[in-house]
Amino acid sequence: MQQRQTIQKQVIMETLDKLKHVKGHLSIDEIYNAVRTEYASISKTTIYRNVRHLAESGAIAQVILEDGIERYDVNIHDHHHFTCRLCKTIYDIEIEGLLDFSQCLDDNYQFATETVNLSFIGICKTCKSKKQ
């Protein structure tokens, strides 16, 4: 079923794309706050509903990491994450070979892996240089 592209969905996608290099993966509240800077009349319910629709349709990815907060990502391709434990920024990690883990599980244990969410936690380059 084709999902109708509304202005609200377009704004959410643009916000996620624009802020991915600044903040990483945004929670619904962070998306709401960012969208409200340009569209003050938009309601939190509208943001929640449209983010859920975008995630269910596969237009954006829902990511739940160790903090348990649902976050959203415009990068829907298979990849992993690095979370800085100091600034809490979440980075996409795309290293060849990491994606082979699911195939290994499937081959060696006869599983049918559907989703892989590998997450690394540490200190990012920016926070590391501030500490020194």
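Helices (H or I, at least four residues) and strands (E, at least two) are DSSP runs, numbered from the N terminus. On that basis, the sequence follows the pattern α-β-α-α-β-β-β-β-α-β-α, with five helices and six strands. The model is predicted: local features need pLDDT of at least 70 and side-chain atom pairs count only at pLDDT 80 or more, while totals for chains, interfaces and linings use all residues. Residues are numbered from 1 along each chain as its sequence is written, and side-chain values use heavy atoms, with hydrogens and water left out. Along the principal axes, the C-alpha atoms fill a box of roughly 50 × 50 × 20 Å.

**Helix packing**

Axes are lines fitted to C-alpha atoms, for helices over the stretch in contact, and angles run from 0 to 180 degrees between N-to-C directions. Contact means heavy atoms within 4.5 Å.

| Helix pair | Axis distance | Angle |
|---|---|---|
| Helix 1 (7-19) and helix 2 (28-36) | within 10 Å | roughly 100° |
| Helix 1 and helix 3 (44-57) | 10 Å | about 75° |

Helix 1 and helix 2 are therefore roughly perpendicular, a term for angles of 65 to 115 degrees. Val11, Ile12, Thr15, Leu16 and Leu19 of helix 1 meet Ile31, Ala34 and Val35 of helix 2. The residues of this contact comprise seven nonpolar, one polar and no charged; here Ala, Val, Leu, Ile, Met, Phe, Trp, Tyr, Cys and Pro count as nonpolar, Asp, Glu, Lys and Arg as charged, and the others, Gly among them, as polar.

Helix 1 and helix 3 are likewise roughly perpendicular. Their contact involves Gln8, Lys9, Ile12 and Met13 of helix 1, with Thr46, Ile47, Asn50, Val51, His53 and Leu54 of helix 3. By class it has five nonpolar, four polar and one charged residues.

Three strands form an open antiparallel sheet in the order 1-3-2, where two strands pair if DSSP finds at least two bridges between them. Strand 1 (26-27) and strand 2 (61-64) are the edge strands, each pairing on one side only. Strand 2 pairs with strand 3 (residues 70-73) over four bridges, and Ala61 stands opposite Asp73 in strand 3.

**Largest pocket**

A pocket is an open set of points on a 1 Å grid over the protein atoms alone, where a 1.4 Å probe fits, with protein on both sides within 12 Å along at least five of seven lines; lining residues have an atom within 4 Å of a point. The largest pocket holds about 460 Å³ of space, the volume being that filled by probe spheres set on points joined across faces, edges and corners. Of its 20 lining residues, Ile76, His77, Asp78, Thr115 and Val116 are the closest to its centre. The lining has seven nonpolar, ten polar and three charged residues, and strand 2 gives the most to it, with three residues.

Methods:
Parallel < 35°, antiparallel > 145°, perpendicular 65-115°, else oblique.
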